[in-house]
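Look at the structure first, then read on.

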Amino acid sequence: MIRANDIIDKVADYYPSADFDIIRKAYAYSAYAHRNQVRLSGEPYMVHPIEVANILAEMKMDVASIAAGLLHDTLEDDPMTSIEDLNLRFGDEITALVEGLTKINKIKFKSSREHQAENYRKMILAMVKDIRILIIKLADRVHNMRTLDFQKSDRRQAIAQETLDIYSPLANRLGISWIKQELEDQSLRYLQPAIYRELEDKVARKELENRAFIETIIKLVQRNLSHSGINAQVSGRLKHFYSIYRKMVRRDIAFEQIYDIIAFRILVADKAECYNVLGIIHTLWRPLPSRFKDFIGIPKANMYQSLHTTVIGPDGRHVEFQIRTHEMHQIAEMGIAAHWHYKEGYQLDDHDRKQMDWLRQMIEWQQDVDNPGEFLDSVKIDLFSEAVYVFTPTGEVKELPSGSTPIDMAYSIHSKVGDHCSGAKVNGKLVPLRYQLKNGEMVEIVTSTRQHPNKDWLAFVRTSKARTKIRQWVKKEEERRSIELGRELCEKAFSRVKQSFNQTLKSGKMQAAAEEFSLKHAEALLAAIGRGKLSARQVINRIFPELRKPQKGKGEKEDKKSAQKPVRDGISIKDIDDVMVRFAKCCNPLPGDDVVGFITRGRGLAIHRRNCRHVDHGNSERYMDVSWNLERSSSHLVKIKVMCEDAKGLLVALGTAISSQGANITSGSLKTTIDQKAHCYFEIQIKDLDHLKRVKMALRGVKGVYQVARIS
């Protein structure tokens, strides 16, 4: 087990005058707090905080971060530890870091999706206060992923998926590439174990061949650079497994068809030499124009800088080169941590502030997002999307997610520019608003005071800011129209019973009625009437009970009837008494899926998966809260796609795997490709989401299968 002195020795290498007593104190305090705890592996729990602190020392973080790494679980795991005690012993800075890292799973939310969204929101808010919180959290996640074998299978899957969804993209955003790559590979190992083992085996079998190829290229490049008087460090490596897997899935190809699994890195003294080296490489081999990227001229948002080029090398193999300076390489590997001055009183400089702009913008854009699902989707868009770099007419570079449109560009300039965007010119030519911007284009936004956001824009905008602002405007506009319609309906209904609507409104009776219907104010009541959730007659009956008409054959009061929660086809519907239910064919929801009900015109309530692309969250007034009633659920049809080797007897093996889990196949089809691959499509009867997961796991266990996916 690593000791305190091992960590101190590492810190002393890069910061000899550090306050090592703080590290010793934190080590001793953490050891005492965790003295009676053990990990699932059977090791003392103290192994974990020590490993986290060791990772931080290897990243050359400051003393406060390393101390917080040692103490990060004490507040939650030790009932005797308090914020006041930590503050007294370690001061404000370290206590703030530990408090920011403390888990928030004690907070109760209405659903797992809300819980997840709120966790991310709180994590991002904590990151804004001090980015070291996220760096320590990433170190914590790295060690947890290294020891994930000791968790139960379902827990391993959940942690690995969360790591791939959030922590790996966050590491990428901070530019810490080694953490990003390790988290991705570890996640793949647990999410797709068969594929991971297959990749591991195939890479190992080609190791000797690849090693010889790498040595040949390195010698050739070194010789040519030396002849040109360039002193360079050249190295070659295999791309990490997740990168290879993504390429196989994205291009729908086998491992044997990937010719650029080796990447070479050339480190030189300065920027000018980077471009000289690029010229020499292009002289040696023919470059692929579509695969050249200049991240030195236009750095990534995480300040990554490098020249990327792919050439057709020996034997026709595609070879990728990354050319950068030694300083650029340090930033590429360590990201913002490479800038971390470990001395006391460190403040972010302009370089680091620029790197953190995306984080502050994310918080700013999400301040008005109430729906946790919208927030969660926006975070994922911000973290996952590849970037496209475009220019304003003044030469300012704007970084946008790949697939962004002129409307996204307009909102990135200012909210008002986005709201009034009526057109755009790209490189001087008018383009449609749904045009997808490309790298290097110059974009000029055309505005008009007559133009307003359009709900149709939500179908093609990419940035979270544009999506949030459009939804806000649409929601306000629909609210205004609903209030107007509600007022009109009330005026007519009140007139029929010879009552004055305006006098009733002024007297405060409408406000009182609103409160009886659990609404905040009279305008909300009018909006509910305009949307059809309440009728003007219901309001009249509340305000003037003497005018209520008796209903023959109905002993139940209207109020009781409206409080019922009937069940239709395994679905419980809140606050509605009688409605026809159907399951949307576009997404085929299953019991266990996060679902939402959409009020259709004349066709009842359509049940969609919440992440269905046909769900328009901007039109949220037509959505109803629904939930699964598993006691009433029956079988549901689900379509799945299996990508596998085209081998004899494989179709029988797939059918057997499905049947072994108690699922019935209603139809199936098979398509083969030139490269001896097969795409199999099955329509099967499934009870719920857990049942589907068991079927998918059984299919992944069939030899030759490399992807199983649910399709709509």
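## A buried pair of rings

Y196 is buried, with a relative accessible area of 14%. The model is predicted. F241 is buried too, at a relative accessible area of 14%. Both values fall under the 20% cut-off, so both residues count as buried.

A pair of aromatic rings is described by two things: the distance of the centres and the angle of the planes. For Y196 and F241 the centres are 5.2 Å apart and the planes stand at 80°. That angle is over 60 degrees, so the pair is edge-to-face. Where do the two residues sit? Y196 is in helix α11, residues 193-205. F241 is in helix α13, residues 241-251. The pair therefore ties together parts that are 45 residues apart in sequence.

## A helix-to-loop pair and a cluster

F494 and F544 also form an aromatic pair, and this one is edge-to-face. The distance is 6.2 Å centre to centre, with 75° between the planes. F494 lies in helix α21, residues 464-496. F544 lies in the loop between α25 (536-543) and α26 (558-562). The pair links distant parts of the chain, 50 residues apart. Are F494 and F544 buried or exposed? Both are buried.

Three further aromatic residues group together. F264, W285 and F321 form one cluster.

## Arginines over rings

Which residue lies over the face of F213? It is R317, at 4.1 Å from the ring centre.

R542 has its charged end over the ring of F517, 4.3 Å from the centre.

## Positive phi at two lysines

K60 is not a glycine, yet its phi is positive, at about 60°. The residue lies in the loop between α3 (47-58) and α4 (63-71).

Where is K498? It lies in the loop between α21 and α22 (501-507). The relative accessible area of K498 is 75%. This is over 50%, so K498 is exposed.

Note on methods
Residues numbered from 1 in each chain as written. Predicted model: local features only at pLDDT ≥ 70, side-chain atom pairs only at ≥ 80, totals over all residues. Heavy atoms only, no water. Phe/Tyr/Trp six-rings, centres within 6.5 Å; stacked < 30°, edge-to-face > 60°. Helix = DSSP H or I, 4+ residues; strand = E, 2+ residues; numbered from the N terminus. Buried < 20%, exposed > 50% of the residue type's maximum accessible area, 1.4 Å probe, protein only. Lys NZ or Arg CZ within 6 Å of the ring centre and 35° of its normal.
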